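Thanks for coming. Please have a look at the structure on the screen, and then I will go through a few of its features.

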Amino acid sequence: MEALFRTVSETPEPIKARLKGNLPPWLKGSLLRVGPGQFEVGSQKYNHLFDGLALIHRFNIQDGEVTYQNRFERSDCFLRAQRENRIVVSEFGTRAYPDPCKSIFSRLFSYFKSTSEATDNNLVNLMPVGNEVYAMTETPLIRRIDPQTLESGKEKVDYSKYVAVNHITAHPHIEPDGTIYNIGTRFGKNGVYAIVKIPVPDEENNPVKQASIVGTVPVKWSLWPSYKHSFGITDNYVIFIEQPMYMNVMKIMMPKFVTPKRIASVMQFDKKTPVQFHVVEKATGKELTTTYLTDAFFTFHHINAYEEEGHLVVDACCYENGEIIQDLLLENLRKGDVPKQAAAMARRYVLPLPDSKAVKCGENLVSLSYGTATAVRQEDGNIYCTPEVLSREPVELCQINYGQYNKKKYRYFYGLSWVNLAKLIKVDTRTKENKHWSDEGCLPSEPVFVPAPDAVKEDDGVVLSLVVRSTGEARSVFLLVLDGETFAELARAE
């Protein structure tokens with residue numbers, strides 16, 4: 001895997017890819033992906049998979065031909081790093097050290113002059129807003145990307161100027177009408193988890209001007225807010241998992257000119273504290289009074305959520321503990337160490353919505369005709385949930401037929417098999433059967449499902465993945481196209 005985590009060169013102009021196989025005649029458009037592309041600056045190296053400088057990829061399909069290009073995001077972090085030939089801002093797993101050319105007094109002045117040293121290295125996700133695309137990470141700083149040329153740097157938008165949050169997830173949900181929901185965290189004595197709503201933009205170039213906080217959930221322990229990377233949403237509710245992976249606010253707020261912190265160093269997992277599911281009404285912004293609890297786990301990614309017959313069904317990729325944070329250090333991945341001990345299992349939790357019926361303690365409130373998940377009322381009135389496992393093997397970075405089945409009862413999801421990071425997987429949540437794709441020396445990325453224009457079934461369409469291939473010392477990328485139903489390879493463009 002060593003070659004997979006080496007710095008690559010830019011290919012800013014489209015080049016024609018060599019096509020092997022046959023593309024569906026209806027498949028056209030652009031696939032944009034973002035991830036780490038530069039793993040060192042000068043003599044300093046990034047430590048974690050979530051740290052490298054952001055590289056944006058574009059595969060464009062038109063008239064049966066495929067072109068490829070990429071560009072580094074021109075973030076402030078990137079530009080300063082190139083100029084100063086060092087890592088200038090702390091990332092998730094990498095600590096930035098003060099400029100050796102500055103005295104303690106000049107660093108002190110810089111600290112008070114600039115109130116934020118948050119990274120704008122947006123390597124996690126790309127968010128479509130109308131006709132625009134914005135690169136995101138977990139700070140309030142996003143940056144507009146030209147979806148044709150991949151140029152960036154012209155416009156950086158700061159969420160915190162419009163809504164008071166210090167941290168926000170990189171996986172917002174987009175409603176069919178273009179409305180965007182996200183969840184942020186406000187640090188401090190009266191800290192809250194804030195539900196952020198961005199209406200359909202009526203102005204170009206800044207999607208968050210009209211953003212507002214439409215609901216809040218108090219942080220249980222104000223100096224130890226829960227870390228979150230994603231959340232669930234249904235037609236009527238927002239579901240937030242308050243997991244026992246906590247961020248130490250005191251360490252975060254320590255003077256940056258003395259001890260700039262990598263994010264992972266301020267996180268701590270408490271296996272003795274149960275997870276709580278917070279359910280907030282979208283219409284009112286009020287949290288349901290029912291307390292839903294389950295055994296401690298850690299999650300990065302939700303899969304889907306939907307409402308059915310008085311229940312909320314919540315699916316997510318869950319780890320038994322927080323060891324995955326350390327397992328994804330680049331020194332481990334370069335050696336080919338797959339974090340099997342911290343494998344994520346796809347789980348389904350079912351939350352019964354409150355009703356007026358009298359319920360006995362110890363009674364299972366789940367009355368769905370399928371599945372094995374339970375929700376039992378305890379003597380203290382809380383509801384304790386046990387999950388159904390959806391896949392026979394560990395899986396992460398899951399995607400569904402989002403445009404047609406987000407917030408709806410669904411059957412299939414696609415992801416990366418955690419048994420072997422070089423394997424894509426299709427999971428049937430009803431039969432628990434799995435289908436796979438893999439190829440020697442290849443590391444696929446998070447899959448994307450594209451429905452066929454005349455789709456009848458949920459899996460009518462194709463699955464796309466940007467695949468990095470290493471052959472000895474060489475590294476290349478190609479676009480993989482799989483049949484959504486059979487999971488057989490249809491084509492690759494390299």
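I will cover a sheet, a hairpin, the cavities and the cysteines, in that order.

First, the ground rules: this is a predicted model, where local features need pLDDT of at least 70, side-chain atom pairs count only at pLDDT 80 or more, and totals for chains, interfaces and linings use all residues. Residues are numbered from 1 along each chain as its sequence is written, and side-chain values use heavy atoms, with hydrogens and water left out.

Now the sheet. It is open, with four strands in the order E8-E9-E10-E11 and antiparallel pairing. Strands here are DSSP runs of E, at least two residues, numbered from the N terminus, and two of them pair if DSSP finds at least two bridges between them. The edge strands, each pairing on one side only, are E8 (125–129) and E11 (156–158). On average, neighbouring strands of this sheet are turned by 35° against each other, direction ignored; the axes are lines fitted to C-alpha atoms, and angles in general run from 0 to 180 degrees between N-to-C directions. Inside the sheet, three bridges connect E9 (residues 132–136) with E10 (residues 141–145). Tyr134 sits opposite Arg144 in E10.

Next, the hairpin. Strands E31 (residues 423–428) and E32 (residues 434–438) run antiparallel and are joined by five bridges. Opposite Ile425 we find His436 in E32. Five residues lie between the two strands, and Lys432 takes a positive phi near 70°.

How many cavities of 30 Å³ or more does a search of the whole structure find? It finds four. A cavity is a set of points, on a 1 Å grid over the protein atoms alone, where a 1.4 Å probe fits but cannot get out; lining residues have an atom within 4 Å of a point.

Last, the cysteines. A disulfide is a pair of cysteine sulfur atoms within 2.5 Å, and the search finds zero of them. For Cys318, the nearest cysteine sulfur is that of Cys317, 7.2 Å away. Cys318 counts as buried because its relative accessibility is 1%, whereas Cys361, at 49%, counts as partly exposed. Buried means under 20% relative accessible area, exposed over 50%, and partly exposed in between, with a 1.4 Å probe and protein chains only.

Terms used. 1 Å grid on protein atoms, 1.4 Å probe; cavity = no way out; pocket = protein on both sides within 12 Å on 5 of 7 lines; lining within 4 Å. Points joined across faces, edges and corners; volume = space filled by probe spheres on them.
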